Amino acid sequence: DMSLFGHFAKCICLPSTISSLCVHTVDGCIDWSVDLKEYHVLAGEPVRVKCALFYSYIRTNYSAAANTKLRLIWYKNKGDAEEPIIFSGHRLSKEDDSLWFRSAELEDNGFYTCVLRNSTYCMKVSMSVTIEASDEGKCFSSKMRYMEKAEITHGKMMSCPDIEDYLAPYKQPQMNWYKECEQIEWRKSIVANSTHVWIPEVEEGDGGNYTCELQYGSRLVRRTLLLKVTALQTTHPPRVLFPPEKQDTVTEVIAGMPLSLDCKAFFGYSGENKQPIVYWMKGEKFVEELAGHIKESEVRILKEHLGEREVQLSLIFDAVEEADLDNYTCYVENHIGRRSGSVFLRKKYMYRLELAGGLGIILLLLGVLTAFYKCYNLEIVLCYRRHFGSDETEDDNKEYDAYLYYTKVDFNSLMNDDEETLALEILPDVLENQYGYKLFIPDRDLIPSSTYVEDLARSVDQSRRLILVLTPDFVAKRGWSVFLIETRLHSMLVTGEIKVIMIECVDLKNVINYQEVELLKQTIKALSVIKWKGPKSNKPTSKFWKQMLYEMPAKQKEILSKDQVNMLSCKLQRVLKGAHQRSEVALATEIPDYNQLVPVGGSHASTGAQMRHFCHSYDFQLQPQSSILLPLCHDYCNIPMTLLNGEVGQQKQVHFC
């Protein structure tokens, strides 16, 4: 019955529930333009496009229209032209009021128009069809997802959308659910069946892509839902983080200088697509009403989590003027309420700036001076001693500046290694001849006798410093026990009556008895450790000698002149060269057997000869004694091991060199 359609004007506006467009009459055909419903499908999947005339525009169905001799014709829009569709029956077919794509392809994208007409009547409408390929490695296209929201800790039901055309009547569909295109093991509280997924208590990790898959003939139909988990909907107004609420905040500014006032606020989740409302005011005026040199920045999101945001809005002054010194308030609001925080601008006087600058310069100078002192503290102290220091050696009743303690452990060795050269030649030569110190060296300054150990202790007592040269062999074979030989000496070390300078040679930490040396360092109260790093430390300008002078008793004239440094450098080279030559000669020369000179258990008087004591660079005569036969030395020696162990007895010969 044609009266069903009535008579149409040239333009009839439809209710918003049907269409937002107006209908036009073109060439005698009523054109309803493009329907609001859009079809989205993945490439390779089936899709059914229904003619929207029978569902939204006329009060009849396809069967009634066919009975009134109306024909339904399908076209595909190509630009401004409409081309009739030729149905092959294989991939594309017409079934009643629908256009069926058995397998949609990318070239099927576009607009499809259905026209209902006869010789006197015509009406048409277009439908949008979008075909998308899946994202690489995914089972869905990110451009074709259904959006879902769920508040954390609340329940959420998700059903597979837009699949009515693929369901058989009165038959339960068989459907699989995937998350991020993978079958997962749902936690016990989640129900995932053939039609829906039910999450009774949503967690933050539940957000993501959920895909439902339906088997339709030989094809698969997929729909993907993007679940966005949000915080609980807020029941409070936003909170101002800065300037603080209900607190007076004062900012000092300099006239003519640029300024930026930052307002930071926290907005709880209040629904999707609701932008945070934040703005500045000066008294009762908005920023738009103020002078042109004051403006607001864009609202910047600093942090965002589950829909909750921390935002910032800046009030920018190109150059602060006297008239700008006033109170400024930042307001933040949502659908629940409004809060605010204020800042008062106050002029900053220059003297404060100058004071801050002066303090900064002072701190910078202190830092520079501190760094300079740390780098050159030895040079500074030595320079002060030379020009202003007092003489430490005056009126202390001490005879020696230092007691040089070095013991060669391998007594049969004729080679002078670097440590021996340092202890026996370089140290005495530099300290005595160049810097004027008086050293006590046992093998040079003490004649062996029955009271040898007591004489050593008295010599230490008469010295201002005790210099210990520790070598790896000495540490491994003797260690700390050597200082337990005499009660007075041990007491002086423990109580700090004598300052000890320990010259530690290289590689001591690998020595088996190094723990005894560490115990020694902890026991000696007044101890300074100087690292000797091999022959390179022998140079007169090295840090080693600066440390030695620093630890030795202060004297008025202890720093070398430039000429003295040059002379000392040349002399050290000659000493080192001479030591090497002497060692080579010693290897080729037979050393006298002193045991043949002194009979075991016999009397010195029977020999009628004097023993010579061969030491490093000097010799002296030893008178024979009746009580003890003393050993001879071919190198600098120190406290004999038998004396250290308390093995000296009457009429007992001791050979320790």
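**View 1. Proline 243 sits in the loop between strand E18 (239-242) and strand E19 (249-253).** The peptide bond that joins phenylalanine 242 to proline 243 is cis, with omega near 0°. Most peptide bonds are trans. Strands (E, at least two residues) and helices (H or I, at least four) are DSSP runs, numbered from the N terminus. This is a predicted model, in which local features need pLDDT of at least 70 and side-chain atom pairs count only at pLDDT 80 or more, while totals for chains, interfaces and linings use all residues. Residues are numbered from 1 along each chain as its sequence is written, and side-chain values use heavy atoms, with hydrogens and water left out.

**View 2. Glutamate 180 lies in the loop between strand E13 (175-179) and strand E14 (191-192).** Glutamate 180 is not a glycine, yet its phi is positive, about 55°. Cysteine 181 is in the loop between E13 and E14, and its phi is also positive, near 65°. Most residues other than glycine have a negative phi. Glutamate 180 has 31% relative accessibility and so counts as partly exposed; cysteine 181, at 21%, is partly exposed. Buried means under 20% relative accessible area, exposed over 50%, and partly exposed in between (1.4 Å probe, protein chains only).

**View 3. The largest nonpolar core has 53 residues.** A nonpolar core is a set of buried Ala, Val, Leu, Ile, Met, Phe, Trp, Tyr and Cys residues joined through side-chain atoms within 4.5 Å. Leu53 and Trp74 touch the most other members. Strand E10 (residues 122-132) gives the most to this core, five residues. Domain 1 (30-132) and domain 2 (146-230) both contribute residues, so the core lies between them; the domain bounds come from an automatic or database domain assignment. Another core, of 27 residues, lies apart from it and includes Leu422, Ala423, Leu431 and Leu439.

**View 4. Serine 128 is part of strand E10.** With 11% relative accessibility, serine 128 counts as buried. Leaving aside neighbours within four places in sequence, serine 128 is in contact (heavy atoms within 4.5 Å) with Lys37, Glu38, Tyr39, Gly110 and Phe111.

**View 5. Five strands form an open, parallel sheet in the order E29-E28-E30-E31-E32.** Strand E29 (439-440) and E32 are at the edges with a single partner strand each, so one side of each has no neighbour in the sheet. Two strands pair if DSSP finds at least two bridges between them. Strand E31 (residues 499-504) pairs with E32 in the parallel sense over five bridges. Isoleucine 501 stands opposite serine 528 in E32, and glutamate 504 has lysine 531 in E32 as its bridge partner.

**View 6. Helix H9 (residues 514-523) lies across strand E30 (465-470), E31 and E32.** Helix H9 runs at about 155° to E31. Axes are lines fitted to C-alpha atoms, for helices over the stretch in contact, and angles run from 0 to 180 degrees between N-to-C directions.

**View 7. Helix H10 (residues 543-551) has Phe544, Trp545, Met548, Leu549 and Glu551 buried.** Seen down the axis of H10, these buried residues fall within an arc of 165°, so they line one face of the helix. The arc is that of the directions from the helix axis to the C-beta atoms.
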